[in-house]
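The following note is intended for a colleague meeting this structure for the first time. Please read the numbered points with the model in view.

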Amino acid sequence: MTKYGSFPGTRPRRLRTSPVMRRMVAETRLHPADFILPAFIREGVSEPVPVTAMPGVVQHTRDSLKKAALEAVEAGISGIMLFGVPEEANKDAQGTAGTDPDGILQVALRDVRAEVGDDLLVMSDLCLDEFTDHGHCGVLDSEGRVDNDATLERYAEMAQVQADAGAHVVGPSGMMDGQIGVVRDALDQIGREDVAILAYTAKYSSAFYGPFREAVASSLQGDRKTYQQDPANWRESLREVSLDLEEGADMVMVKPAGPYLDILARVADAVDVPVAAYQISGEYSMIEAAAEKGWVDRDRAIFETLTGIKRAGARNILTYWATEAARKLR
């Protein structure tokens, strides 16, 4: 017995007694505006092409991408992040399709911006990996290594053509040293001070990118361990975020999300800018595959992972479930 009555005197379960009670005391809430939809646009196709490793995800045609963008607006999500998938014949060592004003990504940016205007943030992946015949995120030197500074010159040009095509936000994702400063300068030089930079600040060399490689028809030879972060390190991410902010990043990102919630929490605690997290292809595909087998409840697993990412500190979440999740929240 306690002086307050029968043991136990404190009963936290009282705040879990009903859906309404649990909703009232919830410490973390998801909202459609939290979400950004990654989307793939493929050159030279007349129908959307399913990504077999990512059930429910497609490589879009120009028309189907515009429809997806309108659906995103209707669902109330904040943005769409576009990835271009050029025809194989248009890939080369320099990734020139990525800076061609008439390349598939720039065409898609113009299409989507014309379709949705300012009702949806039109975001653009700023990286060369989809456009190079070797699949790396930069140009290679004579010994086959990614040349950091030569790549920055390409990123500067890429930023300008993406801004001219209508991007509200560019997302430099190659993890080159100095990329944010170079991109900011390039945008400012053409009077595009209004274009924001979402920096892929802590992007880890992860096994969970596998399905994405199919989605972008990657030509990668080797790996990206010399420029993406080592999964063993966390202090390195704080160094990266400090550098990105000094160079002019408006927002920062942690990628992947689920396996790196500790990094996400540390970054969110360290900065005063919006923090995003990317729930990547492998995270998506594992849940879809387990749900197809009947091993997990699909909707519960989706919302549990999204809640965990937001609880860890993400202001915004890039997720392939963005539109679906937003509709269910509404």
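1. Angles between axes are classed as roughly parallel under 35 degrees, roughly antiparallel over 145, roughly perpendicular from 65 to 115, and oblique for the rest. The axes are lines fitted to C-alpha atoms, for helices over the stretch in contact, with angles from 0 to 180 degrees between N-to-C directions. Helices (H or I, at least four residues) and strands (E, at least two) are DSSP runs numbered from the N terminus.

2. The model is predicted: local features need pLDDT of at least 70, side-chain atom pairs count only at pLDDT 80 or more, and totals for chains, interfaces and linings use all residues. Residues are numbered from 1 along each chain as its sequence is written, and side-chain values use heavy atoms, with hydrogens and water left out.

3. Helix α2 (residues 62-75) and helix α3 (residues 104-116) have axes that come within 9 Å and cross at roughly 40 degrees. The two helices α2 and α3 are therefore oblique to each other. In contact (heavy atoms within 4.5 Å) are residues of both helices, including Leu 65, Ala 69 and Val 73 in α2 and Val 107, Asp 111 and Val 112 in α3.

4. Rings of Phe, Tyr and Trp (its six-membered ring) pair if their centres lie within 6.5 Å, and planes under 30 degrees apart count as stacked, over 60 as edge-to-face and the rest as tilted. By this rule there are 8 aromatic pairs. One of them, Tyr 204 with Tyr 260, is stacked, at 4.3 Å centre to centre and 15 degrees between the planes. Tyr 204 lies in the loop between β7 (196-203) and α6 (210-215) and Tyr 260 in the loop between β8 (251-255) and α8 (261-270), so the pair ties together parts 56 residues apart in sequence.

5. Buried means under 20% relative accessible area, exposed over 50%, and partly exposed in between (1.4 Å probe, protein chains only). Tyr 204 is buried at 0%, and Tyr 260 is buried at 9%.

6. Ring pairs also link Phe 40, Phe 83, Phe 212, Tyr 278, Tyr 284, Tyr 320 and Trp 321 into a cluster.

7. Two backbone details deserve attention. The peptide bond from Lys 255 to Pro 256 is cis, with omega near -5 degrees, and Pro 256 lies in the loop between β8 and α8. Met 175, although not a glycine, has a positive phi of about 60 degrees. Met 175 is placed in the loop between β6 (169-172) and α5 (179-189) and is buried, with a relative accessible area of 6%.
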